[in-house]
There are 2 protein chains.
Amino acid sequence: MNNVIAVDIGGTHLRAACYLNGQTKPSAQNRIRTLADQPGSFKRLLETIESVFPKNDSVSAIGVASPGPLNPHSGVLISPPNNKELHNFPLTEKLAEHFGVPVFLDNDANLACLSEWKFGAGQGHANVLYLTVSTGIGGGAIVNNQLLQGFHGLGAELGHIIIDPNGPLCGCGKHGHLESFSSGPAIVRYVREQIEVGTKTTLLSDPSLSPLQIAEAALKGDALAISAFDRAGYYLGIAVANFLASFDPSILIFGGGVSQTGDLLFKPFHKSLKEHIFDLHYLENLIITKAALGDDAGLYGARALAEMKLNSI
Amino acid sequence: MNNVIAVDIGGTHLRAACYLNGQTKPSAQNRIRTLADQPGSFKRLLETIESVFPKNDSVSAIGVASPGPLNPHSGVLISPPNNKELHNFPLTEKLAEHFGVPVFLDNDANLACLSEWKFGAGQGHANVLYLTVSTGIGGGAIVNNQLLQGFHGLGAELGHIIIDPNGPLCGCGKHGHLESFSSGPAIVRYVREQIEVGTKTTLLSDPSLSPLQIAEAALKGDALAISAFDRAGYYLGIAVANFLASFDPSILIFGGGVSQTGDLLFKPFHKSLKEHIFDLHYLENLIITKAALGDDAGLYGARALAEMKLNSI
């Protein structure tokens, strides 16, 4: 087995850990605040990796998980959120130059899928689908025990599947994507629009309105809040019907904050999925479950990526 | 290398061929009419395979391509078109029993994809997407140099992806599938509906109205006929935008009769694809082309399936 370093460039925290000889527990780990909008991002990244680098041992590879968009084949970060310093930044090249070892990169959703398959809820499944429902919606797929990365490294961008060509505007500038119906901001936007046209609710359309507030109102019986989750779940069900017809997995794993809202989202989701799936065989013995690894998914995924790439060299 | 027999249960013809020791040319081949609606289907199948079976040599496996729905894992034909005799028929089990060799089965669209990847337009590509646009719309995908079959053997059923949840009724009983917008019968249905509401055209809404007649009228300038292909291409573009975001292939291969109509379908298709793809990187160096193997795709795919399964045992 090899020694690898895993790095997770998260929205709030930057984490690194060193795994010696395939061991489960890291020999060293470090976590600092990401501070994406402050200067010195790359320097902080170098220092964090250096802090876990083994003193008397070599490292075979470094794996890095980062929010996209990015190109896993070229190792270039395209436009990480809030971080202008690292726009179009050749991350793997720069890190490889500095540390003298091969560096591998992929986006957080793909690596969460990879880590759930290798270490979490998806263990033992040859065909896994992972969806994170949060501020955005991201996806990842394992097909025949391999991560689907795609020719341009843009596979399984499942938040940007068109569900209704005449649907709402998505953050990416196109219309009717899953993300424009079922993400956190989409749920908030729907509530605001309904308040504007006079729908009665206990909620206020102030700038701080959040999916969590809407979920709390729904649990107290607010009809608008309930309908907002009904709608999100309905469209999520249509999207997942499409994903099953495409990938036919044996397990579907949900991560992300919005998918923590339980029945509010998942009851209408299941109803819609059953209504829209064109062949009920897809649902036979299909496991639908939550991600098992939580905050560690990125780090574990970065580790799995490094080990996977080393094995395929 | 192994000796394998390939069988293609086509709509009109039943074909079998024997390939000795990995050779390109068959040592024997036979082709008879399928006559799916006439008794004796399985007997005809046995006789056709027997007629190509080598006299003085053993066979390692038999591969079979058949129209779906079917289960490639259990080897059961579920409901092949027009053939009640073979409904819920354990085909691979029955053939294995008779010939004493392992038998492998998959649907014609998956195997056309596999054959185009191994012998046709998709050679050398690790990620291939195949679409057949005809009476129905079928799909197949190669991901990381492996055929995507899926947990239930229902992967890449791309004709039944929902493009618009409020769209037309599909042959499968659900609404707004790609097949309900862009297949041959969908094009004919649209023209009929438009004639009914008084749209002017040179076409007659008689029972024999065909996609070919509509294509001919479009080439002569008939506005309704042109709009029918515009519409089919528009929705095909939306669907393919979704498929690229899911699979991110390096090549997209079109088979099937409707995809032979050239610019009539593909001009509006390309326009719509560019309009709907959420990241233009997907289109960089993406090859969009026609299937290379024509009528032989099923037979070659059945051969490739048998060889693939033998290699993975």
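Helices (H or I, at least four residues) and strands (E, at least two) are DSSP runs, numbered from the N terminus. Keep that in mind as you click through this predicted model, in which local features need pLDDT of at least 70, side-chain atom pairs count only at pLDDT 80 or more, and totals for chains, interfaces and linings use all residues. Residues are numbered from 1 along each chain as its sequence is written, while chains are lettered from A and ligands numbered from 1 in the order in which they are written.

**Stop 1: two loops with a cis bond**

Select B:Pro69, which sits in the loop between S4 and strand S5 (70-71) of chain B. The peptide bond that joins B:Gly68 to B:Pro69 is cis, with omega about -5°. Now move to chain A and pick A:Pro69, in the loop between strand S4 (61-66) and strand S5 (70-71). There, too, the bond from A:Gly68 to A:Pro69 is cis, and omega is near -5°.

**Stop 2: where the chains meet**

Show both chains together. Contact here means that the C-beta atoms of two residues, placed from the backbone, lie within 7 Å. On that basis, 36 residues of chain A are in contact with 36 residues of chain B. Colour helix H7 (residues 223-247) of chain A: with six residues, it gives the most to the side of chain A that touches chain B. That side has 17 nonpolar, 13 polar and six charged residues. In this count Ala, Val, Leu, Ile, Met, Phe, Trp, Tyr, Cys and Pro are nonpolar, Asp, Glu, Lys and Arg are charged, and the others, Gly among them, are polar.

How are the two copies related? A rotation of 180° with 0.0 Å of shift along its axis superposes chain A on chain B (RMSD 0.0 Å), so the copies are related as by a two-fold rotation axis. The superposition is by least squares on the C-alpha atoms of residues with pLDDT of at least 70 in both copies. To find the axis from chain A, select A:Asp164, whose C-alpha is the nearest to the axis in that chain, at 2.5 Å. The same surface serves both copies, with 100% of the contact residues of chain A recurring in chain B.

**Stop 3: the domains of chain A**

Colour chain A by domain, using bounds that come from an automatic or database domain assignment. Domain 1 takes in 4-107 + 295-312, and domain 2 covers 121-291. Their C-alpha centres lie 28 Å apart. Six residues from domain 1 of chain A and five residues from domain 2 of chain A make the contact.

**Stop 4: inside helix H7 of chain A**

Zoom in on A:Gly233, found in helix H7 of chain A. Is A:Gly233 buried or exposed? A residue is buried if 20 or more other C-beta atoms lie within 10 Å of its own, exposed if 12 or fewer, and partly exposed in between, with C-beta atoms placed from the backbone. A:Gly233 has 23 C-beta neighbours inside 10 Å, so it counts as buried. Not counting residues up to four places away in sequence, A:Gly233 touches A:Leu265, A:Phe266, A:Lys267, A:Pro268, A:Phe269 and A:Ser272. A:Ser272 is 39 residues away along the chain, yet its C-alpha is separated from that of A:Gly233 by 7.4 Å.

**Stop 5: two helices of chain B**

Select helix H9 (residues 297-312) of chain B. Its buried residues include B:Leu299, B:Tyr300 and B:Arg303. Among the elements covering the buried residues of H9(B) are strand S1 (4-9), strand S2 (13-19) and helix H3 (108-119) of chain B.

Next comes H5(B), whose buried residues are B:Gly184, B:Ala186, B:Ile187 and B:Val191. Their cover includes helix H4 (178-182), helix H6 (211-219) and helix H7 (223-247) of chain B. Just after H5(B), B:Gly198 takes a positive phi of about 95°.

**Stop 6**

Pick A:Asn145, in the loop between strand S10 (137-143) and strand S11 (146-147) of chain A. Its phi is near 65°, a positive value in a residue other than glycine. A:Asn145 is partly exposed, with 13 other C-beta atoms within 10 Å.

Finish at B:Ala156, in the loop between strand S11 (146-147) and H4 of chain B. B:Ala156 also has a positive phi, of about 55°, although it is not a glycine. With 30 other C-beta atoms within 10 Å, B:Ala156 is buried.
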